[in-house]
Amino acid sequence: MTTKSYRPDIDGLRAIAIAAVVLCHARMPGFTGGYVGVDVFFVISGFLITRLIGEDEAFSFIRFYERRARRLLPALLAMLTVATIAAWVILLPREMEFYARELAATGLLVPNVFAWKSSGYFGPEALDLPLLHLWSLGVEEQFYLVFPLVLWLINRYLPVRALPWLIAAAALVSLGLAEILVRRPSTAAFYLLPPRAWELLIGCLLAVVDTRPTGRRTATAVALIGLAMIGYAIYEFDAGTAFPGFAAIPPVLGAAMVIWAGRTEGNAGSRILALPPLVGLGLISYSLYLWHWPLLSFFGLRSDSTPTVLQALVIVIVALPISYISWRWIECPVRRRTFAARPARRLTVALAALVPFAAGGIVLTLAHGFPQRVDPRVLQVNADGQFASALLPPCVRGIVPSQPTMCGHVATSAKRGTVVIWGDSHAEHFSAAIASQLNPLGYTVVLASVRSCPPLIGVSLAILTAGGPVGRKCMKANAAMPAKMASIADLRLVILAARWTAFIPSRRADDTSDRWFTTREGKRASADEARRLFAIGLGAAVQAARSTGAHVLLIDQLPEFTRSPRNCVARALRDELPAASCDRPEAVAPDVRKDIVKIMDARAASGQVTVIHPARTLCRARTCSPVRNGHLLFRDAHHLSVEGARFYAPILRGPVAAALPR
């Protein structure tokens, strides 16, 4: 096992990794794959931890864990203290309850398990979790608990030469598991140790195999190729990349190549990484990782908006001096000094420091974020924000995403026919409003709903889950709809409603959406191609509905907000601000909204359909209000609340009645 003195090039590699991560979180163009910086950190950690164990001639588990605690806990505990104070001041009870769960999981050393159960890394809800970034510390901490013991057992009972082979075999098994899990609708591959362990094990393998490039030129080439592989992943990967799994090989292998090349002193790649600015950033990389995300998250929570790129960059710049202070006056002093005579006592003190956070998180969770902190009127906003599906029949309320259902609101007077509402969750929230108006007129309203699945026929869709893009269930459900509609003898009207804009990218920005049209080659459709496919799919759906003899009504998309307006409205009430302070520009790009309207209105002009544009009721000059008559109309960024459904019911009555055949 190799041993070596301090290597500044590794701190330079840390600088590359942390810059990639924070700029990715800042949504800086060109850094959509910056999340691979965490994978680079994993390789570095595996290498350094294994080397540390090898350098300790009289290895002690207690001493090892005590050193890890001194390295990781002081800055972490300082950040948790500040974050918890900020959470108490800023967060509403419901938000505080979620924060408390994060806090408890962190204190119990399982923040990655909490993340696995609660959030996708790329969804808009991620910014609402100030401690989400600690998932990677959970992976490392769990690895540190297991790996030294496994290493000790191997060294005790097996030949030394077996060690690299066993590490390599374990890494391959972990990589295979990651590739299997990444194709499933779960975030397990992203957050849990078993599918991530191979990345740390690659670093471990480097530490136990004592080889190096032959000559500076070879080492330079290896280092530069490794950096290029990391750079490729940072630039090319995005939220749509099925990650980790095989996709993680370029950044992981690239990091390993850079570390390996650094064994040959004087190579150009290592000299670049050893430049003082990079080394300096690398030294504060751990603290910067700890502090930057809570700052971004609390800014978003307090302002009820997603930070712009410029705002996020300012926040990152603010995080730099905070991180330096954290490194210089918290990390360094504790790491270099010993405050008790024995390592066991120091380890006990360090672990005991986590107990208040774990216990505090549990208490705050059980207390539901202490709602007593706020005015009861603020709590009522959350009640008003109940999803409109609460108004639906029981057969719809328990709907399973991606599983089609047809469920009826039965006519309450002499039956005059059936109306089908076909679409995704937007069809759900409109169906309650429409049924309340049509049932008394003698019409049974049947909902044909598949969540996250717009009513489009003959086109391929991809919907990103934690296991990669899927969409076959959606396309299969849509393909079955013509026969289902044809089986309804008294069908009078088919209403199509959906979050239409979700699959169409703007021409003015990179497409990082979690859903998209796919071309015949299986690739993500371009902006222009997506519009063409949307028109084709919508036209086929309209034709299928018209072939039954029914009339067709299209409901354009509601206004969409960047974040749920519910918390903004609650905060406005708490801080005695007018509800108009929560008016926000629509999140849908102007060119996308304009093109959707153009395609729909073209259908209306041809006499094939009637079109309703509900966004015009709430928006003026692209600024939209989530509140009417003192009631919150939205449950989240784009779904109606119960009050929203009731608000739209009389507005929809006239256009829907006009679309019914005479």
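Which residues line the second largest cavity? The residues are L52, I53, D56, F59, F64 and R67. The structure is a predicted model, in which local features need pLDDT of at least 70, side-chain atom pairs count only at pLDDT 80 or more, and totals for chains, interfaces and linings use all residues. Residues are numbered from 1 along each chain as its sequence is written, and side-chain values use heavy atoms, with hydrogens and water left out.

Cavities and pockets were located on a 1 Å grid over the protein atoms alone. A cavity is a set of points where a 1.4 Å probe fits but cannot get out. A pocket is an open set with protein on both sides within 12 Å along at least five of seven lines. Lining residues have an atom within 4 Å of a point. Grid points are joined across faces, edges and corners, and a volume is the space filled by probe spheres set on the points.

Six cavities of 30 Å³ or more are found in a search of the whole structure. The second largest cavity holds about 40 Å³ of space. Helices α2 and α3 each give at least two residues to its lining. Helices (H or I, at least four residues) and strands (E, at least two) are DSSP runs, numbered from the N terminus. By class, the lining of this cavity has four nonpolar residues, no polar ones and two charged ones. Here Ala, Val, Leu, Ile, Met, Phe, Trp, Tyr, Cys and Pro count as nonpolar, Asp, Glu, Lys and Arg as charged, and the others, Gly among them, as polar.

The second largest pocket has a volume of about 980 Å³. It is lined by 34 residues, of which R14, L48, R68, R71 and R335 are the closest to its centre. Two or more lining residues come from each of α1 (8-25), α2 (37-55), α3 (61-90), α6 (135-157), α13 (276-283), α14 (285-303) and α15 (309-336). Helix α2 supplies the largest share of this lining, ten residues. The pocket lining comprises 17 nonpolar, four polar and 13 charged residues.

Of the 19 residues of α2, 16 are buried, so the helix is largely enclosed by the rest of the structure. Buried means under 20% relative accessible area, exposed over 50%, and partly exposed in between (1.4 Å probe, protein chains only). D39 belongs to α2. It is buried, with a relative accessible area of 0%. Beyond its neighbours within four places in sequence, D39 is in contact (heavy atoms within 4.5 Å) with R196, E199, F243, A248 and V252. One of these partners, F243, is joined to P244 by a cis peptide bond, with omega about 5°. P244 sits in the loop between α10 (216-236) and α11 (249-261).

L91 lies in the loop between α3 and α4 (93-107). At 1% relative accessibility, L91 counts as buried. Neighbours within four places in sequence aside, its contacts are A86, M96, Y99, F298, L301, R373, R571 and R574. L91 and R571 are 480 residues apart along the chain, yet their C-alpha atoms are separated by 9.0 Å.

Strand β6 (residues 491-497) is mostly covered, with six of its seven residues buried. It pairs in the parallel sense with β2 (residues 417-423) over six bridges. Two strands pair if DSSP finds at least two bridges between them. L491 of β6 is the bridge partner of T418. Five bridges also join β6 to β8 (residues 551-555), and these strands run parallel. Here A497 has I555 of β8 as its bridge partner.

Positive phi values occur in two loop residues other than glycine. L109 has phi near 65° and lies in the loop between α4 and α5 (111-118). L109 is partly exposed, with a relative accessible area of 23%. E576 has a phi of about 60°. This residue lies in the loop between α23 (566-574) and β9 (584-585). E576 is exposed, with a relative accessible area of 71%.
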